[in-house]
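Please examine the sequence and the structure shown here. The paragraphs that follow consider the aromatic rings and then one of the helices.

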Amino acid sequence: MGQWNSIASEIDEMETFIMYKEQLQQERMMELQNQLFERRNAMEMAWSREFVRYYGAFCAVSTVGLCVGAFQRRRLVLLTPLVPLGWLLTYQLDQVYGTLRGRVREEAERLMGSERAKLGPPGGHLTVQGLEDIRQARPNSLRALPIPHDHPLFRKNLPNPQLEAKDHE
């Protein structure tokens with residue numbers, strides 16, 4: 001029952017089918033990630049637009065109050081808080097309704113194209129071997145049980161029929 005009785009063409013068909021299924025799963029995962037990214041961005045923009053409405057109302061009430069107070073007391077110094085409030089409102093409006101997001105995206109694309117080395121994490125990217133070295137270096141880790149590199153989790157190809165036939169003999 002444990003014998004491998006398939007012919008080479010059936011193995012090739014199985015490999016092709018498995019590769020197709022893996023590619024389909026990867027495409028679905030990429031589409032899921034894109035959808036999640038778009039939804040997250042939409043929620044962020046909706047939140048920002050709601051914030052601008054409240055902040056704009058606050059700035060409008062503050063502007064009216066400060067102008068009335070400044071002209072009644074004849075002290076134009078009372079209008080100085082309007083400068084930072086105006087700058088912040090302008091920034092928020094540019095972010096939500098203007099071109100700030102497009103400019104930031106263009107700058108990010110430029111950075112990814114020309115200054116790629118500056119974008120990596122400190123210490124470089126993690127690898128499986130690097131994580132295994134870190135795990136074995138810890139004092140209370142299971143160093144007696146290292147995962148061998150010929151373990152099935154590390155194999156990238158399909159089962160070899162000759163090896164399985166020898167195992168069952």
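Is Trp47 buried or exposed? Trp47 is exposed, with a relative accessible area of 59%; buried denotes under 20% relative accessible area, exposed over 50%, and partly exposed the range in between, for a 1.4 Å probe and protein chains only. The model is a predicted one, in which local features need pLDDT of at least 70, side-chain atom pairs count only at pLDDT 80 or more, and totals for chains, interfaces and linings use all residues. Residues are numbered from 1 along each chain as its sequence is written, and side-chain values use heavy atoms, with hydrogens and water left out.

Three aromatic pairs are found in a search of the whole structure. Rings of Phe, Tyr and Trp (its six-membered ring) pair if their centres lie within 6.5 Å; planes under 30 degrees apart count as stacked, over 60 as edge-to-face and the rest as tilted. Trp47 and Phe51 are stacked, at 5.5 Å centre to centre with 10 degrees between the planes. Phe51 is partly exposed, at 32% relative accessibility. Phe51 also stacks with Tyr55, since the ring centres are 5.9 Å apart and the planes lie at 10 degrees. These two residues are four apart in helix H1, hence separated by about one helical turn; helices are DSSP runs (H or I, at least four residues), numbered from the N terminus. Tyr55, at 13%, is buried. Ring pairs link Trp47, Phe51, Tyr55 and Phe58 into a cluster.

In helix H2, the buried residues are Leu85, Leu89, Gln92, Gln95 and Val96. Seen down the axis of H2, they fall within an arc of 125 degrees, so they line one face of the helix; the arc is that of the directions from the helix axis to the C-beta atoms. The face turned away from this buried side carries the exposed residues Val83 and Trp87.
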